[in-house]
Amino acid sequence: SFAPADNSFIQFSDNDLFDISSSDDFTVEFFFNPNTLHSANLMGDYNASSSDYFMINMNSNSSSRIIYVYTGNGAALSKTYPSGAIEAGRWHHFALNRNSGTLTWYLDGTSIGTASNTTSWNVNEFRINKAHNGSNTTFDGLISNVRVVIGSAVYGNGSTITVPTSTLTDVANTKLLACTTSDLTLDA
């Protein structure tokens with residue numbers, strides 16, 4: 001589990017492994033269970049000294065229900081999810097999927113929005129539970145089964161996907177498979 005008080009995170013460093021070109025299809029997906037509803041950087045690479053950063057940030061308080069994807073130089077794409085869609089103390093699935101230039105946010109199997117996107121990212125470090133290299137806006141909760149696939153999309157462009165019901169596995173073009181457990185609802 002992760003808690004803001006200890007600013008804990010996992011970091012994977014590689015100069016090329018997590019790079020995403022403008023033409024790459026990709027999927028980043030994971031399960032999460034918040035202890036509280038709050039704003040947090042869930043994962044990615046946000047380096048204040050670089051303009052290439054990729055970060056997934058969630059603002060889940062009652063007045064602002066937005067999932068951001070930072071696309072570089074402080075710019076972000078965002079989608080608002082319905083009230084009550086994320087609850088503290090309950091497991092949720094999130095997938096960010098780019099297929100043929102369409103970026104789709106999936107929350108618990110339902111699309112909460114799309115955007116046309118051909119951004120490229122030079123991601124040198126991929127952090128789970130923290131993205132910003134200097135700030136400590138970490139997630140307060142549990143994260144499980146993180147999978148990053150670059151070079152193909154796990155999901156199509158539909159309005160819904162089937163949420164995995166078993167541990168995520170190494171599929172074609174998997175660059176990162178972390179925090180896996182024998183049961184999706186275990187803290188990894």
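## Exposure and the model

Residues under 20% relative accessible area are buried, those over 50% are exposed, and those in between are partly exposed. Glu87 has a relative accessible area of 38%, so Glu87 is partly exposed. The model is predicted.

## Salt bridges around Arg90

The whole structure holds five salt bridges. Glu87 pairs with Arg90 in one of them, with the closest N and O atoms 3.3 Å apart. Arg90 is partly exposed too, at 34%.

Arg90 also forms a salt bridge with Asp108; here the closest N and O atoms are 3.9 Å apart. This pair links distant parts of the chain, 18 residues apart. Arg90 sits in the loop between strand E6 (75-80) and strand E7 (92-99). Asp108 sits in the loop between strand E8 (102-107) and E9. Asp108 is partly exposed, with 29% relative accessibility.

## The Arg127 network

Salt bridges link Asp45, Glu125 and Arg127 in a network. Between Arg127 and Glu125, the closest N and O atoms are 2.4 Å apart. Arg127 has 2% relative accessibility, which is under 20%, so Arg127 counts as buried. Glu125 counts as partly exposed, at 22%.

## The six-stranded sheet

Six strands make an open sheet, ordered E9-E8-E7-E2-E11-E12, with antiparallel pairing. Strand E9 (110-116) and strand E12 (174-178) are the edge strands, and each pairs on one side only. Direction ignored, neighbouring strands are turned by 10 degrees against each other on average.

Strand E11 (residues 141-150) runs antiparallel to E12, and four bridges join the two. Val146 has Ala178 in E12 as its bridge partner.

Technical notes: Residues are numbered from 1 along each chain as its sequence is written. This is a predicted model: local features need pLDDT of at least 70, side-chain atom pairs count only at pLDDT 80 or more; totals for chains, interfaces and linings use all residues. Side-chain values use heavy atoms; hydrogens and water are left out. Two strands pair if DSSP finds at least two bridges between them. Axes are lines fitted to C-alpha atoms, for helices over the stretch in contact, and angles run from 0 to 180 degrees between N-to-C directions. A salt bridge is a side-chain nitrogen of Lys or Arg within 4 Å of a carboxyl oxygen of Asp or Glu. Buried means under 20% relative accessible area, exposed over 50%, partly exposed in between (1.4 Å probe, protein chains only).
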